[in-house]
Structure formats: structure tokens, C-alpha cells
Amino acid sequence: SSVRLSPNSLATLFRFLKEIFPVSSSSNRRNAFRISSLESFSAWSSKRCAVIGGSGFLGRHLVEKLLGKGYTVSVFDIRQSYELPGVTFHQGDLCDKQALLTALQGVSLVFHCASPAPASDDKALFQRVNIQGTHTVLQACTEAGVQKVVLTSSASVVFEGTDIKDGREDLPYAKKPIDYYTETKIEQEKLVLKACDKEKGLLTVAIRPHGIFGPRDPQLVPILVDTARRGNMKFIIGDGSNLVDFTFVDNVVHGLILSAESLRPESPICGKAYHITNDEPVRFWDFMSDILVGLGYAAPRYNLPYTLVYGLALLLWLLSLLLCPLVAFKPTFTPMRVALAGKHHFYSCSRAKQDMGYKPVVGLKDGIRRTVESYPHLRHGA
Ligand SMILES: NC(=O)C1=CN([C@@H]2O[C@H](COP(=O)(O)OP(=O)(O)OC[C@H]3O[C@@H](n4cnc5c(N)ncnc54)[C@H](OP(=O)(O)O)[C@@H]3O)[C@@H](O)[C@H]2O)C=CC1
Ligand SMILES: CC(C)=CCC[C@@H](C)[C@H]1CC[C@H]2C3=C(CC[C@]12C)[C@@]1(C)CCC(=O)C[C@@H]1CC3
């Protein structure tokens, strides 16, 4: 019969050996050699990680950066969207523990970046994937001996559709979340943070980005361009002065890796949530205009009162609920989208700066330029 050693038990063995063979005198060279070999082994195993949701927008950027930093990466996702040397793909549903266990063999660090798209309105799907699925991910991590779990949560877990200015992590979770996505992201974050247990050897942290944008984003720029092409990007909701955080994808990746590398039993970040943004709040409508103009479309010019647009969106939403047995129509102007476009929602990153030395690596202007350049097929007239 064979004995399977997980990275977790190897780390314990390593600590034990270090205690019984203290490397104090110069006469103990042989032991020093053994210890340094074990240290190298431990460092090697801590560079083996898995990215759940690694085929998605953020996940793929994360995988590329991890490879560049010398990590060996397993991707677990419901779909495979690319191939890369150094990456092993495991296609499966994260609600399937057996499938996860195969992907987590020998892995000491897990990044959980999977979620159904926020635009979906499927309550059962969000509950199954974000809540039950995350529970399964945590179980599988414990069984596989994973030592660290980094969750991609969302700053929206505290957003209720009213202004948030320089919001800190100690704001309470939204009592009335704006949609099922946010409702289940709240439960997901709670589950992951509660699972942090130094005794059991599982350390967890949650990163809360906001408004991620960048090359290959399937949401923000495509929705914007689609709206512009249909001639609906002429209006500014409210007076246009509302400040919002948009976060270039490389900064989110930087925050995720920084948190993983800072996650140690003695670190203050264990079991906590951290806002990761560009730390440059910008007027929502200036950001939208910069992207639109960069791609050759006109910037929105005419102001509409916020309450009027919100009221109309609410009415449309109620109508869609009432009429859904007869006609299936999904309004683009949902109350949630109107709130995102017309209210302040920007967050403080001071906790991440203090506890893990976070600093954005790409400024907003540069991020916008790189994003615009990456969408030649969405340019006006293309
Ligand atoms: N984009 C943003 O602005 C923000 C995103 N976040 C969070 O960041 C994370 C990544 O987001 P983003 O990259 O934009 O999203 P994507 O939709 O691009 O990536 C998520 C990936 O997870 C996959 N997935 C969905 N369900 C399952 C499942 N049951 N099992 C395995 N894989 C699954 C998706 O596949 P498929 O596409 O087929 O569904 C997709 O490949 C998410 O947790 C999101 O909540 C937080 C704040 C802002
Ligand atoms: C900061 C943050 C959380 C951004 C979220 C991204 C999306 C929710 C936005 C990206 C494009 C936006 C958009 C609108 C709403 C919010 C977005 C979908 C409108 C539909 C708002 C009403 C309009 O006038 C048109 C807008 C198109 C772009």
C-alpha cells in the first residue's frame, strides 16, 4: 500500500523535521543540506496552484500572470476557452467534488474566480454555483490538503443602489442586494471567510474588485458598444457627476497574487475581505465617454433626471414580471443598471495598502488606452 502526502502534510512534516534537527552549529552541515532540500520542495509545492474559473475574463489574465511568475497552473472551468503551455485544463462543474479533487491533486493554492455572469437572472443557478458550489470547493480543498484559498468576491456585496463614497470593508453587507448575483456573492464571501482555520491549515482571504475592465472583457465594452450602435448612448443619467471605481484587470490580478503570497498563519489578512480597485474614482459618464470616443463613437450629451429614468426602469421591470407568462422580454434598462450608472460607488483600498502593500500597477488612463486598442473589431465602422 502507498501513502499519499498532500502539500499540507508535507509542510507539517517539514516543520517537524526543522524542530528535531535545529540547524544551529556549523558541524551540522548534512542536516542543513536536508533542510534546504525540504525548503526547496516546500517552495516548489507552494508554486502549484489551481484557478477555478480560469477560462473566464479575469481567470485567464490571472493564469497568464501566474505562469510568468513561475507557477504551475491547473485550470478548472465548465468550458475550455484557450490552450497554453504550462497549463493543465480540467473541464467540469465546480459543484462536482470528484471532478474538483482530480484538478486539486498536489495543489497548495486555489484561486476561486468562477461565477455565472451577473447579467443572468437565474436565481437557482446563482444559488447552485455561488453558494452550494463554493461549499463544495471548500470541502474539496480541505480533502485535497490545499493550504490557501483566494476568493474573487465583489465590492458590490455592500451596494444597495444608494451612494457609497470611499466605502471601507467594515460597511455591512447589503440587506437588500440589488440582484441575485450580489445576494449570492454575499453568501459566498461569508462561507469562504468563515472557512479560514489556522488549526486545520486552511487559510482564506476575499478580494473585492469593482468594475473590472481590460482586453477580452466580454461585458463592459461590448454592452457599451452595442448600446451605442443601437443609438441609445445619447443620454447621461443624472447630472453626470457620480464617481465610480473601474479597475483595470492587471490591478485585480496583482491584488489576487499579492494576497495569496501574503497569506500566512501570522498575517493580518487571514479570513478578511479587501477592496482592490484602481484607487482613482472617476465620473461614470467620463469613463464611458473615454471608451466610446476612443472607439470612434459620440459621447453621451443630454442629461435626464435620475428619478425619472429609475422610475421608468422600475416600471419596465414590473411589466416584464407581469407579462412573462405571455411574452418573454428582458429590458436593458434594469433598475440595477440605472443605479450603477447614476449613483456614486467608490471604495477605499487603504486596508489592502496597509496589510499587503497593495498599489495599482496600471493607471486608469493607460488602462483605458490598452482596452480601447484591444477592441479593433468594435470600432465605429469596423
Ligand atoms: N467582471 C467584473 O467586473 C467583476 C467580476 N467579479 C468577480 O470576478 C470573478 C470573475 O469574473 P469574470 O472573469 O468577469 O467572469 P467570467 O464569466 O468571464 O468568468 C467566470 C468563469 O467561470 C465559469 N463558470 C461559471 N459557472 C461555472 C461552474 N459551475 N463550474 C465551473 N466554472 C464555471 C464561466 O464559464 P461560462 O462563461 O461558461 O459561464 C467562466 O469561464 C467572478 O467571481 C465575479 O463575480 C467581481 C467584481 C467585478
Ligand atoms: C463599476 C461597475 C460596477 C460597472 C459595472 C459594469 C456594467 C454594470 C456597466 C457597463 C456598461 C454599463 C452601461 C449601462 C449600465 C451599467 C453597465 C451595464 C447602461 C445600460 C446604463 C443606461 C444607459 O444609458 C446605457 C448604459 C450602457 C452602458
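Me: Does K365 count as buried or exposed?
Reply: This is a predicted model, in which local features need pLDDT of at least 70, side-chain atom pairs count only at pLDDT 80 or more, and totals for chains, interfaces and linings use all residues. Residues are numbered from 1 along each chain as its sequence is written, chains are lettered from A and ligands numbered from 1 in the order in which they are written, and side-chain values use heavy atoms, leaving out hydrogens and water. Relative accessible area under 20% is buried, over 50% exposed and in between partly exposed, with a 1.4 Å probe and protein chains only. Because its relative accessibility is 70%, K365 counts as exposed.

Me: In which helix is K365 found?
Reply: Helices (H or I, at least four residues) and strands (E, at least two) are DSSP runs, numbered from the N terminus. The C-alpha atom of K365 is separated by 9.2 Å from that of D290, 75 residues away along the chain. The run that holds K365 covers residues 364–373 and is helix 13.

Me: How are the rings of F126 and Y181 arranged?
Reply: Rings of Phe, Tyr and Trp (its six-membered ring) pair if their centres lie within 6.5 Å; planes under 30 degrees apart count as stacked, over 60 as edge-to-face and the rest as tilted. The structure holds 9 such aromatic pairs. The centres of F126 and Y181 are 6.0 Å apart and their planes meet at 65°, so the pair is edge-to-face.

Me: How many residues apart are F126 and Y181?
Reply: The pair of F126 and Y181 links distant parts of the chain. F126 belongs to helix 5 (residues 123–144) and Y181 to helix 6 (residues 180–194), which places them apart by 55 residues.

Me: Are F126 and Y181 buried or exposed?
Reply: The two residues share one accessibility class. Both F126 and Y181 are buried.

Me: What is the angle between the ring planes of F284 and W285?
Reply: F284 is buried, as is W285. Ring pairs also link them with F213, F246, F248 and F287 into a cluster. The pair of F284 and W285 is edge-to-face, with 5.1 Å from centre to centre and an angle between the planes of 70°.

Me: Which residue has its charged end over the ring of Y306?
Reply: A charge sits over a ring if NZ of Lys or CZ of Arg is within 6 Å of the ring centre and within 35 degrees of the ring normal. K47 lies over the face of Y71 at 4.5 Å from the ring centre. Over Y306, at 4.6 Å from its centre, sits the charged end of K343.

Me: How much of the area of ligand 1 does the protein bury?
Reply: A polar contact is a pair of N or O atoms within 3.5 Å; within protein, one must be able to donate a hydrogen and the other to accept it, and residues adjacent in sequence count only if both atoms are side-chain atoms. A polar side-chain atom of R79 lies 2.9 Å from an oxygen atom of ligand 1, and one of D93 lies 3.0 Å from a nitrogen atom of this ligand. Accessible areas come from the Shrake-Rupley method with a 1.4 Å probe, and for residues only the protein chains shown count as cover. Of the 880 Å² that ligand 1 exposes when taken alone, the protein buries 84%.

Me: Which residues come nearest to ligand 1?
Reply: A residue is near a molecule or strand if one of its heavy atoms lies within 4 Å of it. Helix 3 (57–68) and helix 6 each supply at least two residues of the shell. Of the 23 residues around ligand 1, the nearest are F57, L58, D77, Y181 and K185.

Me: Which helices give two or more residues to the shell around ligand 2?
Reply: The 16 residues that surround ligand 2 have H210, V244, D245, F333 and L340 as the closest. On its own this ligand has 590 Å² of accessible area, and the protein covers 90% of that. The elements that give two or more residues to its shell are helix 7 (220–229) and helix 11 (335–342).
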